Amino acid sequence: MSSPDRCSHGRKGAAPAPAPRKGAAPAPAPTNDARASRAARPRSGAARARKLLACAVALGAMTAARGALADARTEARLHFRAGMDLIAQKQFDEGIRQLQKANEILPHPNVVFNIARAHAEAGHTEQAIAAYREYIASDPPDREQATRIVAQLEQRLAAQRAPAPAAPAAPAAPAATQPKQPPPPEPQPQGPQQPAPGDAPAQPTAGQPTPEGAPATPAVPAPTPSSRAAPDDAAGIVGAARTEDVYQETVITASRGAQSPLDSPNSTTIVTRQDIRLSGMTRIPELLRRVAGMDVMQITGGDENVSMRGFNSRLANKLLVLVNGRTVKNDVLGSTFWEALSIDVDQIERIEVVRGPGSALYGADAFAGIVNIITIEPGVGKSGFRAGYGDHRQGYGSVWASAREGDFAYRLSAGYTRYPRWTREVADDRIDLETSGQSQDLGAQSVRIDLRATQRLGPRRELAVGAGYSRSELDVYGIGPFNDYNLEVTNADASVAYRSENVNARTYYSNLDGYSLLNAAYLGHTLYAGRPQQHILNAELEFVKTLRAPAPVVHDFHIGLGYRLKATDWSYLDDDMPIEHHGSVFLQDSMKLGERVTLVASGRLDYVPYLERLIPSPRGSVIVKPTPRQAIRLSGSTAFRSPTSLEAYVDLPIQLALPGLELLSTTRPPVRSDFIIDPEQIITAEASYLNQQSDYFEFEVTAYYNRVSNLIVLAEPQRTTLSQRAQGFGGLNPETGRYTSGFGGFENQCDIYHVVGGELGGRVYPAEGLDVFANYALNLSEQQRPAGCSAPEDERTSRHKVNAGVQVRTPVGVDGEVTFHYQSSQAWAEQVPAGTVIATDIYPLPAYTLLNARLGYRFLNNRAEISATVFNALDGLGDQPLQMHPFGNRIGRRFMGFFRYSL
């Protein structure tokens, strides 16, 4: 949308722009970028009408706070690049204006540094000093060097202002020959004096509030003769400009080092802070739904399951979920309890999604992909809170405090979340059932607290510590006949990390302690009460080095060691479960062959105690860049998922529908005590093309092939035989008082899956404040069935998935987003009780669409915001209610309102 000053520029009768405050910087001149050029082209009548309407709205809001378009990374990048190009051409004034515009849209300390340096190089000494002070106020790692630059500039400014020494008097001449003296010169106006070092920084220019987390932009005085130095002289003080693109998106998950998505060895998607804020979502899985190829399934109000490129399931375990590189899965089940994390969406800087296997660097469980949740760094941003309330007693609260003092910084957050069930499973008047005692209207309820702090130890050296705690009540769906299931769980973690240029080390401890049971059971049947517990201790050491060998080849070399101690316990598991000691070593070398070609070779060895052997996970990638902003990627890798504690050590008698009978679910029954479950295996090949050539759009095309084998599934139950009874297996169980009529457990599926798929996605930026994104994913799966294999055929992955959305941000503070999602039909193979046995059947699931929207308004100089969201806005318009799993709740419409305030 056009800004008010653009609407009035050149228009007859337009109101003059308000005069700037005394001492304030002059308003930036109209930019000469491509968008301004397009705006000057002739328009049709309809286009002119739309522009006049937009101008009327904008001019009517002239007195409102004209806030920055927060997180508009692409728009800031446009102005940044234009500014740096102009400064390189010595067009300092216009270049500085472009950098200032970039910093208004998305503040960054390096942009302020370049503004300061450009002022110094142009000879604007006073303005350079003011900008350097703003840079120092952000407490950068090189603040001592910047302080010395300010001191030198102040010395030069003082020297420029000092009066010139009087010339020695000439001998008096005779009056008749003495020349006539010219009149004294008029005094030159002096610019306002800058505050001395240590004084409070200047306030922002009127009408230009800064977004959250940004240092205030000082009112820079206009150049005056007394403040102008020789450009070459000033440039010698400040050194080289920082020409790196500070607005270029970077990812760290795919290769354990910061790099552009163009250089990543895997296809990678970033859910940005802008996406998070404008979506209005408070559930992390719903933020992931916009990613191409992602499978997101809500079953209950507290149970979301996420996978990538297929094979989603109840208690999904194919995706490795990390928070700042630390795994948050529960090792008992191998799944992620998203609502039990100690952080919420208001603490997230971005989410990196690696689309494809990642065991080459992260080992077991990075089977289908990786989700790495990157939180806002300690000391970044302001303190604040957000509160929300919605229909059906939805509740959300989050409060945070962030500060930096010298080399020490911290971020403390706390929150509360409550989600209702989508549909109630048990009515109050049921007298034939026994319930768990948890509210039948509750889907999830969680309280949480999280603290992270950092201490700089020197240049490029930092110590980070953290701790988190959450207590949650969840309604989830278990495995097999365990459908409606209640969990009360506490999670706690503590971590210490050391980061430097060449050595990274980290250790963390996590604990899970809970109480589990069925939500309801018929009278006389058990609720299967149990207490799951786990203790995890993890230690990692990594060495990083960049070198040349031979000289034309640049190597980015990573080598690391890992250790993981795992102790789990549950009444559902074997009493003789051992404490497991896992070990790993990984190696990666990214070889850059000139500017166009990069070869990436990765590999990891994991020792799995249950299997008593090493499992290798290699990966190789070739990245070719026809231009600096295009990349063609070819890669191949393998990955694995090791059996979870439940799969490897289950020992649970399951009561059947017929009273007095039970089935023993055990991985190692007496009749096959030497049975071992093999790890799941995937071999993948991928080709992709990423184009970021234009500043107005980007797109990516990906094709992949996956060969999946040894999937771990529930075995078909077997009845006990007379020979087994003769061996002492089966018969009356004295512990339960029931008769054991059969046995089951987990096994490796005999089918081999051949999956071919592709993803096409892009994002368009047609105008400032407007983003449009869309993607499509195709997934075709074929089961190869060896002789004697009788596994059921199901299609639990939609063949077609479509995501699309529009984001709008306006200078007057109104912003919002609308997203659309479509998934084609599915068919699920599930086990259910059937009289004296547990049988497998196929359950179809129809296609569904999902429409979500948010509208918000920012005011009080961007410190306050009100917003409203609607989830599943199309509810009731289709023939069938929305379900994402055949046994899951029927998903309805939900509204929620929020208020946010930053100090």
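**Charged pairs first**

Guide: There are 59 salt bridges in this structure, and keep in mind that the model is predicted.

Visitor: Okay, why would side chains pair up like that?
Guide: Side chains of opposite charge can pair when their charged atoms come close.

Visitor: Which residue does Lys566 meet in a salt bridge?
Guide: That's Asp331, with 3.9 Å from N to O. Lys566 sits in strand 18, while Asp331 is in the loop between strand 5 and strand 6, so the pair ties together parts that are 235 residues apart in sequence.

Visitor: Are those two buried or exposed?
Guide: Lys566 and Asp331 are both buried.

Visitor: What about Glu540, what does its side chain meet?
Guide: Glu540 forms a salt bridge with Arg506, at 3.1 Å from N to O. Here strand 17 holds Glu540 and strand 15 holds Arg506, so parts 34 residues apart in sequence get tied together. Glu540 has 23% relative accessibility, so it counts as partly exposed.

Visitor: And Arg738, where's its partner?
Guide: The partner is Glu662, again a salt bridge, with 3.1 Å from N to O. Arg738 is in strand 30 and Glu662 is in strand 24, 76 residues apart. Both Arg738 and Glu662 are buried.

Visitor: Which residues are linked in a network of salt bridges?
Guide: Asp275, Arg290, Arg763, Asp771, Arg809 and Glu817 are linked that way.

Visitor: New topic: helix 5. How far apart are its end C-alpha atoms?
Guide: They're 20 Å apart, which agrees with the 20 Å that its 14 residues should span at 1.5 Å a residue.

Visitor: What do the buried residues of helix 5 pack against?
Guide: They pack against helix 4, helix 6 and helix 7. Among those buried residues are Phe92, Ile96, Leu99 and Ile105.

Visitor: Last one, strand 39. How many of its residues are buried?
Guide: Six of the eight, so strand 39 is largely enclosed by the rest of the structure.

Visitor: Which strands does it pair with?
Guide: Strand 38 pairs with strand 39 in the antiparallel sense, over seven bridges. Strand 40 also pairs with strand 39 in the antiparallel sense, over eight bridges.

Visitor: How many residues lie between strand 38 and strand 39?
Guide: Four, and the two strands form a hairpin. In the turn, Leu860 has a positive phi of about 55°. Phe859 has Ala864 of strand 39 as its bridge partner.

Technical notes
Residues numbered from 1 in each chain as written. Predicted model: local features only at pLDDT ≥ 70, side-chain atom pairs only at ≥ 80, totals over all residues. Heavy atoms only, no water. Salt bridge = Lys/Arg side-chain N within 4 Å of Asp/Glu carboxyl O. Buried < 20%, exposed > 50% of the residue type's maximum accessible area, 1.4 Å probe, protein only. Expected span 1.5 Å × (residues − 1). Contact = heavy atoms within 4.5 Å. Pairing = 2+ DSSP bridges.
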